[in-house]
Amino acid sequence: MTSQEFDAFYAASFSRLTGQLYALTGNWSEAQDVVQEAFIRAWDRRRTFNPDSAPEAWIRTTARRLAISRWRRVTRGLHLAGRHHRQEPPIVEPPTEEHLMLVTALRDLPEAQRSALVLHHMCDLSVEQVAAETGASVSAVKSRLARGRAALAARLADQAPAREEGKLRV
């Protein structure tokens with residue numbers, strides 16, 4: 001991939017990848033940071049990137065792994081500092097109320113289910129591609145998707161009546 005092709009790839013993919021990582025992390029700044037770091041790592045490999053070999057998947061996987069590593073470092077640091085409670089990241093207002101509800105509901109899901117749902121539904125990856133990116137079997141991904149959808153639907157249903165009540169009071 002030439003530097004001009006890489007620049008075009010960056011321009012076309014950065015916003016989409018940041019949105020996907022935001023859904024995974026629940027933190028807009030963190031999502032931007034890990035996607036940017038993944039692109040920096042990809043820049044050194046741009047000559048070996050084939051536009052037909054899904055370089056966006058490489059960026060997404062790298063960014064997801066960076067986010068997980070950062071979360072583990074923070075958790076380990078808090079534990080070592082004697083703080084046994086986890087500090088919640090600041091809430092970032094999303095563009096729409098529906099987006100906030102979705103991100104909030106996704107945060108409550110286990111990481112494996114959240115990753116499967118985001119990769120399959122937001123990134124439009126097939127079950128086989130999700131399995132390849134996460135290192136899980138196809139049957140495990142199908143199970144995570146089914147359980148994740150059920151849990152997500154329940155959480156969103158719980159949020160909807162509260163939202164409607166809030167509108168009635170206004």
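A nonpolar core is a set of buried Ala, Val, Leu, Ile, Met, Phe, Trp, Tyr and Cys residues joined through side-chain atoms within 4.5 Å, where buried means under 20% relative accessible area, exposed over 50% and partly exposed in between (1.4 Å probe, protein chains only). The structure on display is a predicted model, in which local features need pLDDT of at least 70 and side-chain atom pairs count only at pLDDT 80 or more, while totals for chains, interfaces and linings use all residues. Residues are numbered from 1 along each chain as its sequence is written, and side-chain values use heavy atoms, with hydrogens and water left out.

**The core**

Select Leu21, Val35, Phe39, Ile59, Leu106 and Val141: of the 38 residues in the largest nonpolar core, these touch the most other members. At least two residues of this core come from each of H1, H2, helix H3 (55–80), helix H4 (97–107), helix H5 (111–122), H6 and helix H7 (138–169); helices are DSSP runs (H or I, at least four residues), numbered from the N terminus. H1 supplies the largest share, 8 residues. Next, centre on Val35. With neighbours within four places in sequence left aside, Val35 is in contact (heavy atoms within 4.5 Å) with Phe14, Leu17, Thr18, Leu21 and Ala63.

**The aromatic cluster**

Now show the rings of Phe6, Phe9, Tyr10, Phe14, Phe39 and Trp43, which form one aromatic cluster. The whole structure contains 8 aromatic pairs; rings of Phe, Tyr and Trp (its six-membered ring) pair if their centres lie within 6.5 Å, and planes under 30 degrees apart count as stacked, over 60 as edge-to-face and the rest as tilted. Phe6 and Trp43 make an edge-to-face pair, 5.2 Å centre to centre with 75° between the planes. This pair links distant parts of the chain, 37 residues apart: Phe6 lies in helix H1 (residues 3–25) and Trp43 in helix H2 (residues 28–44). Phe6 counts as buried because its relative accessibility is 4%, whereas Trp43, at 32%, is partly exposed.

**Helix H6**

Move to Glu133 in helix H6 (residues 127–134). Glu133 has a relative accessible area of 9% and is therefore buried. Its side chain makes a polar contact with the side chain of Thr61 at 2.9 Å. Residues touching Glu133, beyond those up to four places away in sequence, include Arg60, Arg64 and Arg65.

Finally, select Val130, also in helix H6. Val130 is buried, at 0% relative accessible area. Beyond four places in sequence, Val130 is in contact with Ala116, Leu119, His120, Leu125 and Val141.

Definitions and conventions. Polar contact = N/O pair within 3.5 Å; in protein donor to acceptor, adjacent residues only side chain to side chain.
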